[in-house]
Amino acid sequence: MLRLLLLQVLASCLWLGHSEVVKSFETSCPQFFFREIPPNQALEPQKPAWICQRYKNQYYFATLYDRKMRIPVYSAYIYGPGPGKRPKTWLVEPQLISPAYPKTMKKEWTLLNRYNVSLETLSQSQAILHDYKNLTGLNRGHLNPSGHHHDYNSRMATFTLTNIVPQDEKLNGGAWNNYEQQTMIRRTQGCKTTYVIVGAVPGNNYIAKGRVNKPSHLWSAACCMVDNNYIKAWAVIAENDRNQVELLTLGELEDTLTELYGRGQCWLIGDVPEAWSLAIVTPSHKKGCKENLGDYRRVHLALLPRRVMEQIVLSVITWHIQDNQGISPSQQRFRKGTSCLENLISFDDQMTGPVDEGGG
């Protein structure tokens, strides 16, 4: 018994030097954010906790947690879906209790029985399993869904209650699920890396006798890197009592969250190209069901002026070169209204003319 106690004390000393609940994402787990820049302070709650979600000694995603509301503000991760079983075990975050506890997520039973943590102490720091029992019209909704990860450990890491909110069960199993499982697959075609942030806006209602907040809205923003020169982004938002998801541009979502939070301008992704952050989008239907967001492609009208200007500049340069004999009349391939065929005919005339005149 004494040996076990000494081992626990030694382990606690080691954990103090490397905490899972960190001071900032920028210095601890920035890899889950586009260009390693998290959202600005407009989303920060009164009692925040920055969690680098760790399972089996590896970080899998980042969560900004609201200690007061006992729900996540957002979870950020890299999209990488794959086949596999859905975990069934739920975990909690020991270091929300104290930095002296393990830096990797644990089962409630483990903390209660092996680390002698009382249920009251655990429940003061975060939501617990009992908070989500006997819900009516709601269920446990992932911000970072397990289906967006390709192996068992990464999916298991999403089964922490710090990644869960009370979500309308029709929305969770309906329009939101369609977005997660169908629309995301279509929109990430051709993407090398897709950074995702999924969040919840605190609402006016609670579950578990006022312990856990029920969000008023759920939202998601994605940034897809096709290559070094082409990036695309999109966003969605849903009211947490309606089975409907609204497609937005990233800029529109930021403006909506700015109004909902009322804490200043919200910026979700740092250093964003303005053309696709604030672009007006014309939904162009491709095929399939007209009600399905995945059957549409976006046309950024903000890029049209640039393309028009390119054509104007090209025309001016072409006229200038032709008028100043920068391109000789014999170079038909590079002159407007002429072709290579005309050049070939001219060359043939020059070669056969002397022959016809008897000078060959």
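Student: Which residues in helix 6 are buried?

Tutor: Keep in mind that this is a predicted model. In helix 6, the buried residues are Ala175, Trp176, Tyr179, Glu180, Thr183, Met184 and Arg187. The helix isn't straight either: at glutamine 181, helix 6 bends by about 30 degrees.

Now follow the chain on from there to a disulfide, where cysteine 191 is joined to cysteine 224 with an S to S distance of 1.9 Å. Cysteine 191 sits in the loop between helix 6 (175–187) and strand 7 (193–201), while cysteine 224 belongs to strand 10 (residues 217–227), so this pair ties together parts that are 33 residues apart in sequence. As for its handedness, the torsion about the S-S bond of cysteine 191 and cysteine 224 is about -105 degrees, so that disulfide is left-handed.

How about solvent? Cysteine 191 has 17% relative accessibility, and because buried means under 20%, cysteine 191 counts as buried.

A disulfide here needs the two sulfurs within 2.5 Å. Cysteine 223 is buried as well, at a relative accessible area of 0%. And if you're checking cysteine 266, that residue counts as buried, with 1% relative accessibility.

Zooming out, the structure holds two disulfides. The other pair is cysteine 29 and cysteine 52, whose sulfur atoms are 2.1 Å apart. Cysteine 29 is in the loop between strand 1 (21–22) and strand 2 (48–55), and cysteine 52 is in strand 2 itself, so the bond ties together parts that are 23 residues apart in sequence. The torsion about the S-S bond of cysteine 29 and cysteine 52 is about -85 degrees, so this disulfide is also left-handed. Both cysteine 29 and cysteine 52 are buried.

If you count the bonded cysteines along the chain, the disulfides follow the pattern 1-2, 3-4.

Definitions and conventions
Residues numbered from 1 in each chain as written. Predicted model: local features only at pLDDT ≥ 70, side-chain atom pairs only at ≥ 80, totals over all residues. Heavy atoms only, no water. Helix = DSSP H or I, 4+ residues; strand = E, 2+ residues; numbered from the N terminus. Buried < 20%, exposed > 50% of the residue type's maximum accessible area, 1.4 Å probe, protein only. Bend = angle between axes of the 7 residues up to and from the residue.
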